[in-house]
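Please read them with the structure open.

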Amino acid sequence: MSPFGFTPDDGDEENGKPEDLNAMMRQMQEQIQKQFEQLGINPAGFVNPFASFAQGSQDALPQAVVRDTAKKFVQAQGSQPLGTKDVTVVDNAFEIADLWLNEATVFPATSGTSSQRSVSRLDWVDETLAGWQATMEPLATGLSSAISSLLDDAMAQQSQDVDSGEAMAGPMGAIAGLLRTFIGSLIATQLGQAIGGISATATGAHDVGLPLLDPARPLLIPENIEKWSQDLEIPKTEIYLFHALREAAVARLFESNPWLVSYIRSAIVDYGRGIHIDMEAIQRQAEEAMQNFDPSQGNPESNENSFTIALNNGIFTPEETPAQRAALSKLETALALVDGWADEVTTLAAGERLPALAQLREMNRRQRATSAPSQQLFKTLLGLEVTPKLAREASAFWQKVRESKDVAARDQIWSGILPSAEELLEAEKFLMSSEIPDDLSGLL
């Protein structure tokens with residue numbers, strides 16, 4: 001039996017090479033799949049993550065897998081079709097929200113105002129799928145690159161050890177090749193499950209703070225807004241207006257600042273570049289498994305717990321370099337700034353018009369503070385948590401800028417250098433550092 005729980009058929013015991021390669025590969029697939037399931041990647045019942053391996057697919061993040069997984073997840077939870085009343089309520093809310101937002105931000109209404117702005121959960125998946133693909137694919141690409149490096153190292157080691165009788169490199173190379181082939185499907189399955197989960201709680205297309213629509217436009221999911229407001233004794237008109245304000249505000253922000261889309265995605269790209277696979281961790285766990293292996297057990301299944309590659313014990317890890325930490329900080333701060341700006345603009349636009357505004361804001365913060373699917377997605381795939389505290393600090397930052405300057409000065413910040421997490425607490429200092437003096441003679 002190999003040090004990874006793969007039992008070779010009768011073959012060359014000295015070199016540990018099975019005659020039946022297909023049987024070994026099947027056992028490798030089963031073993032690795034179990035390890036990924038321990039990480040929360042559970043493709044059972046959705047899409048076969050090894051299909052792309054069998055078909056030779058090289059996609060870093062197969063879109064069909066993401067879509068099919070997400071839709072099956074939504075169908076399992078249920079998705080109510082849109083009614084005429086739903087469409088009318090949402091359209092009316094956006095018409096009012098756009099008028100109010102014209103007074104609260106310099107960014108104009110989005111160009112796609114003629115498009116349908118209410119969707120079902122299933123339609124939300126279709127509408128946002130391309131955005132999810134473009135945003136998260138760099139992560140899958142980073143993992144694929146890490147696996148390619150692992151494969152190259154394993155093959156080089158194999159060529160060095162071929163005359164020494166060491167059999168470790170052979171299985172390692174096979175594992176690396178297998179991982180490189182279907183890692184995209186595994187990530188796609190996990191992403192699809194996350195998207196399906198988000199579709200049951202998201203009230204619009206921009207709840208996650210990511211640019212998911214191109215061109216940007218506001219969308220609301222009436223079914224989820226009804227669920228969101230289930231226990232609130234607040235008029236539905238106010239609730240729909242609150243969500244329409246937030247959704248339309250973020251849509252305006254993304255359409256008016258296309259560079260922000262690239263900025264957010266570049267942070268994910270930078271993070272993906274820092275992913276590597278710890279070869280020593282794999283070998284270390286393999287050696288421990290060999291020490292715990294009991295050859296007296298005739299059934300390979302009985303030794304299954306001894307022969308496991310604990311992927312959640314540091315094999316897939318980001319490199320703790322300054323660049324890696326900077327990428328995470330950049331993304332976390334950008335998401336908090338988007339969320340905080342939406343909160344500030346919504347509050348300003350609503351003013352005295354929504355009597356329950358304070359309660360609605362608190363409800364929104366409370367729900368975002370609990371483990372929402374979007375937060376689970378970032379934590380699982382990026383190790384990122386956008387804390388409610390940072391979002392509150394961002395909202396206060398935007399408010400202070402507006403009060404010390406005006407709405408135009410507040411929104412003008414999006415066209416320059418964004419504040420860091422530390423600068424959110426010192427709005428005045430940030431403004432002073434970003435101002436250009438009228439008289440530059442003193443600098444010459």
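1. Leu253, Phe254, Glu255 and Ser256 in helix 8 meet Pro258, Leu260, Val261 and Ile264 in helix 9, where contact means heavy atoms within 4.5 Å. By class, this contact of helix 8 with helix 9 has six nonpolar, one polar and one charged residues. Here Ala, Val, Leu, Ile, Met, Phe, Trp, Tyr, Cys and Pro count as nonpolar, Asp, Glu, Lys and Arg as charged, and the others, Gly among them, as polar.

2. This is a predicted model, in which local features need pLDDT of at least 70 and side-chain atom pairs count only at pLDDT 80 or more, while totals for chains, interfaces and linings use all residues. Residues are numbered from 1 along each chain as its sequence is written, and side-chain values use heavy atoms, with hydrogens and water left out.

3. The protein has 16 helices and two strands; these are DSSP runs numbered from the N terminus, helices being H or I of at least four residues and strands E of at least two. Of the 444 residues, 50% are buried. Buried means under 20% relative accessible area, exposed over 50% and partly exposed in between, with a 1.4 Å probe and protein chains only.

4. Helix 8 (residues 236-256) packs against helix 9 (residues 258-273) at an angle of about 90°, and their axes are 4 Å apart. That makes helix 8 roughly perpendicular to helix 9, a term that covers angles of 65 to 115 degrees. Axes are lines fitted to C-alpha atoms, for helices over the stretch in contact, and angles run from 0 to 180 degrees between N-to-C directions.

5. Helix 9 has 16 residues and reaches 23 Å from its first C-alpha to its last, close to the 22 Å expected at 1.5 Å a residue; the expected span is 1.5 Å times one less than the number of residues. Its buried residues are Leu260, Val261, Ile264, Ala267, Ile268, Tyr271 and Gly272. Seen down the axis of helix 9, they fall within an arc of 145°, so they line one face of the helix. The arc is that of the directions from the helix axis to the C-beta atoms. Pro258 and Arg273, on the other side of helix 9, are exposed.

6. In helix 3 (residues 63-77), Val65, Val66, Thr69, Ala70 and Val74 are buried. Glycine 78 follows helix 3 and has a positive phi, near 105°.

7. A cis peptide bond joins aspartate 214 and proline 215, with omega about 0°. Proline 215 is found in the loop between helix 6 (169-199) and helix 7 (222-228).

How values were computed
Angles under 35 degrees count as roughly parallel, over 145 as roughly antiparallel, 65 to 115 as roughly perpendicular and the rest as oblique.
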